Amino acid sequence: MALWNRATLSPLIFAGPGIPKNQRVDAPVDLFSIYPTLTDLAKLPNPQHMEAKSIYPLLKDPKGKWETPAITTWARNNHAAVSREYRYIRYEDGSEELYDLNEDPNEWYNVAGEGKYSSIKSELAQYLPQINVKWVEASRYDNNDYFRKQKAEQSE
């Protein structure tokens with residue numbers, strides 16, 4: 001129900017041929033990466049429409065370079081992009097949050113308003129979804145007045 005680490009953190013475990021045993025990878029990845037990772041492991045081609053990136057390179061080399069932030073979406077037009085160093089959140093009303101994860105791992109101090117972070121915000125913002133589909137009227141995501149109103153106004 002939020003875009004902060006405590007609300008979005010989930011374990012992602014891969015095991016099988018070609019995956020080293022008892023290895024921990026400490027890099028932000030998102031669940032959209034499951035499908036392209038499985039196609040890589042099965043040596044199948046990825047569909048052309050695939051936007052997500054396989055994390056198979058990370059499984060082979062956990063210390064390797066990984067510059068693809070994890071993307072999280074909450075409801076409609078509310079997104080977070082998370083790198084190893086920062087979590088950038090932008091809400092549908094345009095408000096922003098930025099957390100320096102090295103200095104503030106608990107994400108308590110929003111530094112989005114500090115000018116020295118403007119380039120970090122711009123870099124992470126480029127990864128946020130550009131297309132935000134409308135609510136499907138049959139969606140059961142109606143746990144509060146905000147979402148009920150948004151769904152009523154923005155359904156297909």
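**Figure 1. Asn22 in the loop between α1 and α2 of the predicted model.** Asn22 is exposed, with a relative accessible area of 85%. The backbone at Asn22 has a positive phi of about 55°, although the residue is not a glycine. Most residues other than glycine have a negative phi.

**Figure 2. Ser33, a buried residue of the loop between α1 and α2 (34–41).** The relative accessibility of Ser33 is 5%, so the residue counts as buried; the cut-off for buried is under 20%. Setting aside neighbours within four places in sequence, Ser33 is in contact with Ala52, Lys53, Ser54 and Ile55. Ser33 and Gln150 lie 117 residues apart in sequence, and their C-alpha atoms are 28 Å apart in space.

**Figure 3. The open sheet of four strands.** The strands follow the order β1-β2-β3-β4, and their pairing is antiparallel. Strands of a sheet pair through backbone hydrogen bonds. β1 and β4 (96–100) are the edge strands, each pairing on one side only. Direction ignored, neighbouring strands of this sheet are turned by 15° against each other on average. Helix α4 (residues 118–125) packs on the sheet and touches β2, β3 and β4. The direction of α4 makes about 70° with that of β3.

**Figure 4. The hairpin of β1 and β2.** Four bridges pair β1 with β2 in the antiparallel sense. Ala70 has Val82 in β2 as its bridge partner. Five residues lie between the two strands of this hairpin, and Ala75 takes a positive phi near 60° in it. Asn77 is also found in the loop between β1 and β2. The phi of Asn77 is positive, about 70°, although this residue is not a glycine.

**Figure 5. Strand β2 and its pairing with β3.** β2 (residues 79–82) and β3 (residues 86–90) run antiparallel and are joined by four bridges. Ala80 has Ile89 in β3 as its bridge partner. A hairpin of three residues joins β2 to β3. Both faces of β2 are covered. His79 and Ala81 are buried on one side, and Ala80 and Val82 are buried on the other.

**Figure 6. The largest pocket and its lining.** The space in this pocket is about 1300 Å³. Its lining has 38 residues, and those nearest the centre are Leu9, Ser10, Ala27, Pro28 and Val29. By class, the lining holds 22 nonpolar, nine polar and seven charged residues. At least two lining residues come from each of α1 (5–8), α3 (56–60) and β1 (70–73). The largest share of the lining is from β1, which supplies four residues.

**Figure 7. The second largest pocket and its lining.** About 720 Å³ of space lies in this pocket. Of the 28 residues that line the second largest pocket, Phe32, Glu51, Ile71, Thr73 and Pro129 are the closest to its centre. β1 gives the most to this lining, with three residues. The lining of the second largest pocket divides into 16 nonpolar, seven polar and five charged residues.

**Figure 8. The whole chain, for orientation of the close-up views.** The secondary structure comes to five helices and four strands. Along the sequence these elements follow the pattern α-α-α-β-β-β-β-α-α. The C-alpha trace spans about 50 × 40 × 25 Å along its principal axes. The chain has 156 residues, and buried residues make up 35% of them. Among contacts with a separation of 6 or more, 43% are between residues 24 or more positions apart.

How values were computed
Residues are numbered from 1 along each chain as its sequence is written. This is a predicted model: local features need pLDDT of at least 70, side-chain atom pairs count only at pLDDT 80 or more; totals for chains, interfaces and linings use all residues. Side-chain values use heavy atoms; hydrogens and water are left out. On a 1 Å grid over the protein atoms alone, a cavity is a set of points where a 1.4 Å probe fits but cannot get out, and a pocket is an open set with protein on both sides within 12 Å along at least five of seven lines; lining residues have an atom within 4 Å of a point. Grid points are joined across faces, edges and corners, and a volume is the space filled by probe spheres set on the points. Ala, Val, Leu, Ile, Met, Phe, Trp, Tyr, Cys and Pro count as nonpolar, Asp, Glu, Lys and Arg as charged, and the others, Gly among them, as polar. Two strands pair if DSSP finds at least two bridges between them. Axes are lines fitted to C-alpha atoms, for helices over the stretch in contact, and angles run from 0 to 180 degrees between N-to-C directions. Contact means heavy atoms within 4.5 Å. Buried means under 20% relative accessible area, exposed over 50%, partly exposed in between (1.4 Å probe, protein chains only).
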